[in-house]
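User: I am new to this structure and would like to know what stands behind the words used for it. Please go through them one by one.

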Amino acid sequence: MSEEKKWVLGLKRAISFIICLIILFTYPTKLMAAQEPPEEAELFAKAAVLMDGDSGRVLYSKNGSEALANASTTKILTCIIALENCDLEQITEVSVQAAKAPKVHLGAPAGQKFRMKDLIYAMMLESFNDCAVVIAEQVAGTTEHFSKLMNDYAKKIGCKDTFFITPNGLDAQKDSQFHHTTAEDLAQIMRYCIKESPKADQFLKITGEAEYTFTDVSGKYAYHCYNHNAFLKMMDGAVSGKTGFTGNAGYCYVGALEQNGKTYIVALLACGWPNNRTYKWSDTRKLMEYGLAAYERCDLDDIALDGSRFAPVPIEHAQGGRIGEQVYMKLHAVLKKDLSHVLLREGEQVTVEYRIAQKLSAPVKKGSCAGAIYYKLGGMVLREYQVETTEDMEKLDFEWCLRQVLKLAV
């Protein structure tokens, strides 16, 4: 072997060794870094939230409660309302108002007819603004009535600062309000869509579809839609999401990931303006990787109730076996609010708080409340039991006492 070849071979081996060292030392560093929450300056988004999709607990927040325009991420709420309130096979007609909706749009003229299911797919995959208007009018008659329905839904879901004016998320003003939500509220809406809604499975199927083809009712015009949620192919377990952009909102995104029995939701608002459309993917990945690295699943069924807390309690002034006898009653726990699991960081712990009456006073009815048990993480109640009485028990009265005296006399 020539000296030149030896030198080249040695150089290749040296380069390979250096690459191995880089991989060996940087990968653990990146993994350890992912276990720490990102600094606010590391994220492009003005507002960002990482949420535990099962409990609704916010795991990370950057300006999470700030009211901001949210563009087409609005359409996740429009979608779930339509799924819950419409027959997907029903026929609807494009109105004059819908036909005027700006790009991005399907471009259907007024009078053209479609099936609701097809318009929902087109709205969620291609983010067509005119489809959102047609859907809103079909559900509520007008977009104004639909906006009221949207805001009612938002309150029911638990949103604290959301006010929607348009079904498609286009920037709008009404009185002193503007079309907006917060990153925390947007994450809560997504959680409702994928976890709590009776139509969650349909929502996941639609938003997880890579592409979709349909025709209008006449069959003369065919349309093909592609899903613009690139996150679906970025990380294992990505299940849903919706992008958005307007001049006021900037690039926005809300997405969900399920992995190893854990569900994470990321919501981003004002995550860059042109030409920075990729910022939202960088932020989403960073927050998802942090969640996966830093949080472990805790199954609440593994935290058993303390049986000693259910010792029979004395019932004062109750009718018993004889006059003067202390009467006791067993209690039992009835599940009222259930959550199967929660995500915990190292050092966090679920506590069980018992608030059970030490004694009761007759009369007592079976099933009466005698206390409560709470599984808590900080101030958040994860699971709740109501402690109830197990039988009826009457109060001492003159007639009962007289009967007892007469029994003794006999």
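Analyst: Domain bounds come from an automatic or database domain assignment. For this chain the assignment gives domain 1 (40-295) and domain 2 (303-409). The model is a predicted one, in which local features need pLDDT of at least 70 and side-chain atom pairs count only at pLDDT 80 or more, while totals for chains, interfaces and linings use all residues. Residues are numbered from 1 along each chain as its sequence is written, and side-chain values use heavy atoms, with hydrogens and water left out.

User: How far apart are the C-alpha centres of domain 1 and domain 2, and how many residues does the contact take from each domain?

Analyst: The C-alpha centres of the two domains lie 46 Å apart. The contact takes 13 residues from domain 1 and ten residues from domain 2, where contact means heavy atoms within 4.5 Å.

User: What is the area buried between domain 1 and domain 2?

Analyst: Buried area is the accessible area (1.4 Å probe) that two parts lose on being put together, summed over both. Between domain 1 and domain 2 that area is about 920 Å², and carbon and sulfur atoms give 61% of it. Of the area that domain 1 buries against domain 2, Ser-55, Arg-57 and Tyr-295 supply 52%, more than any other three residues.

User: Why does Lys-242 count as buried?

Analyst: A residue is buried when its relative accessible area is under 20%, exposed when it is over 50%, and partly exposed in between (1.4 Å probe, protein chains only). Lys-242 has 2% relative accessibility, so it counts as buried. Its place is in strand E9 (residues 238-246). Helices (H or I, at least four residues) and strands (E, at least two) are DSSP runs, numbered from the N terminus.

User: What makes the link between Lys-242 and Ser-127 a polar contact?

Analyst: A polar contact is a pair of N or O atoms within 3.5 Å; within protein, one must be able to donate a hydrogen and the other to accept it, and residues adjacent in sequence count only if both atoms are side-chain atoms. The side chains of Lys-242 and Ser-127 make such a contact at 2.9 Å. Leaving aside neighbours within four places in sequence, Lys-242 is also in contact with residues including Lys-75, Ile-76, Met-124 and Tyr-253.

User: Which feature does UniProt place at Lys-242?

Analyst: The unreviewed UniProt entry places the feature "binding site" there. UniProt positions are given in the numbering used here, feature names are shortened, and annotations may be inferred rather than shown by experiment.

User: Why is helix H2 described as largely enclosed?

Analyst: Helix H2 (residues 75-85) has eleven residues and nine of them are buried, so the rest of the structure largely encloses it. Among the buried ones are Lys-75, Ile-76, Leu-77 and Cys-79.

User: What makes a set of residues a nonpolar core, and how many residues has the largest one?

Analyst: A nonpolar core is a set of buried Ala, Val, Leu, Ile, Met, Phe, Trp, Tyr and Cys residues joined through side-chain atoms within 4.5 Å. The largest has 64 residues, and those with the most contacts inside it include Ile-76, Leu-77, Met-124 and Phe-203. Apart from it lies another core, of 26 residues, with Ala-318, Leu-331, Val-342 and Leu-360 among them. In soluble globular proteins, nonpolar side chains tend to be buried together.

User: Is Val-313 buried or exposed, and what does it touch?

Analyst: Val-313 has 6% relative accessibility and therefore counts as buried. It is found in strand E13 (residues 313-316). Not counting residues up to four places away in sequence, Val-313 touches several residues, among them Val-327, Leu-331 and Leu-360.

User: Why is Pro-109 called partly exposed?

Analyst: Its relative accessible area is 48%, so Pro-109 is partly exposed. Pro-109 is in the loop between helix H3 (96-99) and strand E4 (113-115). With residues up to four places away in sequence not counted, Pro-109 touches Val-94 and Ala-99.

User: How do you know that Thr-166 is buried, and what polar contact does its side chain make?

Analyst: Thr-166 has a relative accessible area of 14%, and is therefore buried. Thr-166 lies in the loop between helix H6 (143-157) and strand E5 (173-174). Its side chain makes a polar contact with the side chain of Asn-168 at 3.4 Å. A polar atom of the Thr-166 side chain also lies 3.0 Å from the backbone nitrogen of Gly-169.
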